Structure formats: structure tokens, C-alpha cells
Amino acid sequence: MQVETQPGPNRPNVAIVQGFVGSLLMWMGSLGVGWLSLASVELRRNPVIIWLRFEPVGAVLSVLLLALGGMLLIRAWLRLGQRLNGWSEETRPYVLKAIVAWTVPLAASLPLFSRDVFAYIAQGQVMIAKLNPYRDGYSQISNYLQIGADDLWAQSPTPYGPVFLWIEEGIVRVTGGYPDTSIILFRVVALFGVALCIYFVPKLAALHSINATRALWLTVANPLFLINFVAAIHNDSLMIGLALAGLYLCATKRPLLGILLITLSVGVKPITLIFLPFVGLMWAGKGASWPRKFLYWFMTAGLCLGILWIMGLINTFGFGWVGALSTPGSVWIWYAPVGFIGLVIATLGNAVGLNGWDLANAFHTLARIASLVIIAIQVFRGDHSRLVRRLAFAFAAIVLLAPMIQSWYVVWLIPLFAVTGIRDDWQVKFLYFTVAFFMVYAISDQLDIFPYFDLSLTVARQVAAVVALGFALYLVFLDRSTKVLFRRRYSPLAPGQLH
């Protein structure tokens with residue numbers, strides 16, 4: 001009798017190489033339109049960079065390389081999932097190989113899609129100058145424009161916690177504030193966060209009986225993850241890596257060490273305070289009475305806030321980060337549902353003679369209140385075995401009901417949903433569309449275009465948008481291999497599903 005075996009991987013190295021080529025194209029494009037500090041004298045003297053940045057033909061080529069590379073990386077990610085033919089243990093090395101191959105070129109690129117890393121350098125100089133970063137913006141630093149930091153946030157208090165302030169100060173002390181070497185060290189920090197995710201995402205998935213390799217592919221091999229945490233060097237990489245590590249330790253009966261790691265995560269960006277009530281419930285245990293739950297919530301909060309209080313004593317800034325929490329949320333964006341509805345309300349209100357933006361701000365406030373209600377429901381109601389899923393819903397409420405959604409906010413959510421199960425139906429298709437949308441938006445949003453030749457920033461963005469959007473439409477409607485991912489109906493025996 002012939003025994004039927006599950007088909008194995010079907011040439012996954014083809015997709016891995018394709019993604020490597022995409023990342024390599026993005027690296028080449030970054031030399032022309034990635035962010036480059038005015039103080040980066042050596043790089044600005046490089047003949048290749050001079051041609052790519054200061055000649056119209058070179059700038060156009062850089063835009064095209066970046067757009068094609070980013071979309072090719074998405075195609076490679078989708079095809080890798082298909083070529084693995086299921087998610088057996090033998091597929092894990094291919095996903096890890098893809099992560100490494102796609103990360104290396106991005107780790108060598110100039111900063112893409114965000115200028116935040118230059119703000120990190122400027123804030124490090126604020127720390128060295130013995131100023132208070134929760135009160136003094138980096139506009140107090142005389143050379144912040146030379147560094148490359150965005151003038152938009154120059155007078156805003158930093159929204160980061162004490163741990164990341166110390167990292168900023170340490171790196172700037174080591175490098176003397178020189179942008180190029182500072183960027184390398186900040187990227188090392190970001191890659192440490194990526195490594196934490198690589199290690200802990202499969203472990204958290206296994207705890208929930210979810211295929212660990214598929215969760216790793218959905219999370220760390222995801223192009224949205226790579227462009228935000230590697231190419232853009234966001235400190236959210238370290239934040240979410242520490243939070244996932246702490247969450248796993250709490251879930252495996254090591255709550256004190258877990259809470260310490262989550263506290264370090266809060267010390268990078270305080271948004272992960274949302275983890276605390278859920279790890280408190282983990283610590284209290286299944287079937288805990290309400291008095292026991294409140295006791296462990298109190299102990300969890302006491303440990304975290306106590307450590308942060310000690311940090312505040314050491315750096316003399318106390319809990320100054322609390323007042324700075326609203327800094328990134330003080331704006332809105334059109335593609336955020338709450339931001340878009342607010343825009344409509346403001347437009348209609350102004351049309352009838354009312355103060356439309358006062359009405360819009362009231363709506364934004366109601367949306368924030370709704371997010372708090374959802375968080376409360378997830379904290380106080382639900383099955384103990386679904387604590388991480390409840391945390392994912394609570395975190396999603398914070399992100400999706402805010403008037404401003406950045407692409408890296410979405411990346412916060414992907415690991416929590418991936419380790420608790422993203423089905424191969426509308427759920428994973430929604431993720432595909434989300435990744436494609438934010439890649440197209442990122443490619444066409446932040447480009448460092450030399451302002452003194454005929455190719456304007458607006459034209460460059462339009463070229464990038466047309467190329468990226470055209471490639472995305474090709475993947476959805478024309479590509480014989482990928483279009484099925486966006487169209488097929490859900491099947492409980494789909495190869496991406498755990499069985």
C-alpha cells in the first residue's frame with residue numbers, strides 16, 4: 001500500500017534569490033534617494049553617490065530602483081509562502097535564510113522611509129548637553145539641521161523612555177555625534193530587536209499550537225517588518241522584541257524576568273504599557289479570583305513603575321515621558337479610518353459655518369475613549385487561554401482608533417496576531433493588501449531629492465507611486481502565481497493553514 005506524503009518545498013531558493021535582488025535594488029536606490037546627512041562628508045564625495053543624488057538621470061534611476069525593489073520583495077515574500085508547500089519543520093531553514101538574505105542589503109542601505117534615526121542622534125546630543133529631552137526639543141542643538149533631523153519635531157519633547165535615551169546618549173558619546181557611524185550603531189540596536197523577534201515569535205506561536213514557521217514568515221520575513229525595522233531603523237524594533245521576549249517568559253511561568261523585559265520595552269517606547277494588565281493575568285494564573293487578579297495587577301504595575309521610577313531618579317527626568325506621550329498623536333493622516341472620518345467631519349462642518357476642526361477633534365477624542373472601552377473589555381472579559389489574542393485586540397484598538405497610523409504601528413500588531421493565528425482566508429488576504437498598501441505609500445512618501453534640479457520632489461513621488469502601484473496591481477490582477485492569493489476562497493485545507 002502506498003503511503004501519501006505531504007509535498008515538500010518546491011524550489012524556495014528561487015523566491016529567496018528574487019527577494020535578495022529586490023533588497024539589493026532598494027540598497028542601490030537608497031544611495032540616490034535615501035536620507036543622507038549634510039554632515040556625511042565622505043559619502044557626499046563618493047562619485048557614485050554624487051551621480052545618483054545630484055544628476056537628474058541618477059535620481060530618476062534611484063527612484064525606479066527603490067520602487068521596483070520594494071515591490072519585488074513583496075512578490076518574493078508571497079512566492080516563498082507558496083513555494084514552501086505547507087509549513088513542516090523542514091521549511092524553517094528556508095524562512096531563516098530568506099530573512100538573512102533580505103536583511104543584509106537593507107542593513108547596508110542609507111536610511112529609507114524615515115528620518116527618525118537623525119532625530120535619535122540629535123536627542124543624544126540633547127542628553128550630552130545635560131538638557132531635559134522631555135522639555136527641550138533638539139532645536140536647542142545648534143547643528144541639528146546639519147545632522148539631518150526633521151525640523152517638524154525640532155521643538156517637540158521626545159516620546160521615548162529612559163532606556164532609549166541612554167542608548168541615544170551612549171551611541172552619540174561613542175561616535176562623537178558623527179551621523180554615519182551613529183547610524184551603523186543604531187542599526188545594530190534595531191537588528192538586536194529583529195533577532196529577539198526571530199527567536200521568540202516561533203516560541204510564542206508554539207505555545208498557542210500555531211505553526212511556528214508560518215508565524216515567522218508572516219512576521220519577520222514580512223517586507224513591512226524589514227523596511228520599518230531594518231531600512232528605516234525605527235526603535236520600535238527593540239521595543240517589540242523586548243516586549244515579545246517578556247511576554248513569552250511571563251507565559252512560561254517566569255513572570256519577574258518577563259516583567260523586567262517588558263519594563264525595558266516601556267523604557268524604549270511607553271506604548272507597551274498595554275502589556276501589563278495581560279501579563280498580570282498570566283501571573284495570577286488560570287481561574288484566579290477577582291481579588292487575586294487585582295493583587296497581581298497591583299504587583300505587576302508596582303514592579304514596572306518602580307523600576308521606571310528608579311530610572312527616573314538616575315537620569316533626573318522622573319516620569320517626564322508621560323507628558324510627552326501625545327507628541328506623535330497630535331496629528332492625523334488621511335488613510336487612518338478615524339483621521340479620514342475626522343477630515344470629512346471638518347470639511348462638512350466648515351461648509352455649514354461651524355468650526356469643523358473642533359468637531360473633528362471631538363470625534364478623535366470619542367475614538368480614543370472607544371479604544372479605552374475596548375481595552376477594558378479585553379482586560380476584564382475573556383478566556384485565560386486567549387490572553388495574548390486579547391492583548392492583540394487591545395493593542396489593535398489603540399492603533400486603529402487613532403487619527404494617525406504609521407506603517408510601523410501596524411508592524412506592532414502583526415506578531416501578536418501571527419502567534420495566535422492568522423487564518424488563510426480574508427485574514428491573511430487583508431494582511432497582503434496592508435503590506436502592499438504601506439509599501440506603495442512608503443516608496444512614494446519620503447524621498448531625499450536634491451532641490452536644485454528640474455526633477456522636483458513632487459514629480460519624483462509621482463513616478464515612484466505610479467511604478468509601485470502598477471507593480472502592486474500586476475501582483476493582484478495579472479501575475480499568474482500571486483493573483484490567486486488575493487482571489488481564492490478560503491479552504492480549511494489550504495497549505496498555509498496549520499493541520
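Ser237 is found in helix H12, which spans residues 236-251. This serine is buried, with a relative accessible area of 0%. The structure is a predicted model, and the chain is divided into domain 1 (11-110 + 426-487) and domain 2 (114-211 + 233-321).

- A polar atom of the Ser237 side chain lies 3.3 Å from the backbone nitrogen of Val194.
- Not counting residues up to four places away in sequence, Ser237 touches Ala190, Gly193, Val194 and Phe229.

**Domain arrangement**
- The C-alpha centres of domain 1 and domain 2 are 28 Å apart.
- Domain 1 supplies 20 residues to the contact between them, and domain 2 supplies 15 residues.

**Ser114 in the loop between H5 and H6**
- Ser114 is located in the loop that runs between H5 and H6.
- With a relative accessible area of 2%, Ser114 is buried, because a residue counts as buried under 20%.
- The side chain of Ser114 has a polar atom 3.1 Å from the backbone nitrogen of Asp116.
- Leaving aside neighbours within four places in sequence, Ser114 is in contact with Trp35, Ala232, His234 and Gln446.

**Ser23 in H1**
- Ser23 belongs to helix H1 and is buried, its relative accessible area being 0%.
- Ser23 and Thr103 are 80 residues apart along the chain, and their C-alpha atoms are separated by 7.5 Å.
- Residues up to four places away in sequence not being counted, Ser23 touches Leu73, Trp102, Pro105 and Leu106.

**H1 with H3**
- The axes of helix H1 (residues 12-33) and helix H3 (residues 47-54) come within 7 Å and cross at roughly 75°.
- On the H1 side, Met28, Ser30, Leu31, Gly32 and Val33 take part; they meet Ile49, Leu52 and Arg53 in H3.
- By class, this contact of H1 with H3 has 5 nonpolar, 2 polar and 1 charged residues.

**H6 with H8**
- Helix H6 (residues 116-128) and helix H8 (residues 162-175) have axes that come within 8 Å and cross at roughly 90°.
- The two helices H6 and H8 are therefore roughly perpendicular to each other.
- H6 contributes Tyr120, Ile121, Gln123, Gly124, Gln125, Met127 and Ile128, which meet Phe164, Leu165, Trp166, Glu168, Glu169, Val172 and Arg173 in H8.
- The contact of H6 with H8 has 8 nonpolar, 3 polar and 3 charged residues by class.

- Helix H10 (residues 212-219) is mostly covered, with 8 of its 8 residues buried.
- The buried residues in H10 are Ala212, Thr213, Arg214, Ala215, Leu216, Trp217, Leu218 and Thr219.
- Their cover includes helix H4 (56-83), helix H5 (92-107), helix H9 (179-207), helix H11 (223-231), helix H19 (407-420) and helix H20 (426-445).
- At the start of H10, the backbone nitrogen of Thr213 has a side-chain oxygen of Asn211 within 3.1 Å.

**Ala284 in H14**
- Ala284 lies in helix H14, which covers residues 276-284.
- The relative accessibility of Ala284 is 5%, so this alanine counts as buried.
- Ala284 and Pro255 are 29 residues apart in sequence, and their C-alpha atoms are 9.8 Å apart in space.
- With neighbours within four places in sequence left aside, Ala284 is in contact with Arg292, Lys293 and Tyr296.

**H14 with H18**
- H14 also pairs with helix H18 (residues 387-400): their axes come within 10 Å and cross at roughly 170°.
- An angle over 145 degrees counts as roughly antiparallel, so H14 is roughly antiparallel to H18.
- Phe278, Leu281 and Met282 of H14 make this contact with Leu387, Val388, Arg390, Leu391 and Ala394 of H18.
- By class, the contact of H14 with H18 has 7 nonpolar, no polar and 1 charged residues.

Notes: Residues numbered from 1 in each chain as written. Predicted model: local features only at pLDDT ≥ 70, side-chain atom pairs only at ≥ 80, totals over all residues. Heavy atoms only, no water. Axes fitted to C-alpha atoms, helices over the stretch in contact; angles between N-to-C directions. Helix = DSSP H or I, 4+ residues; strand = E, 2+ residues; numbered from the N terminus. Parallel < 35°, antiparallel > 145°, perpendicular 65-115°, else oblique. Contact = heavy atoms within 4.5 Å. Nonpolar A, V, L, I, M, F, W, Y, C, P; charged D, E, K, R; others polar. Buried < 20%, exposed > 50% of the residue type's maximum accessible area, 1.4 Å probe, protein only. Polar contact = N/O pair within 3.5 Å; in protein donor to acceptor, adjacent residues only side chain to side chain. Domains from an automatic or database assignment.
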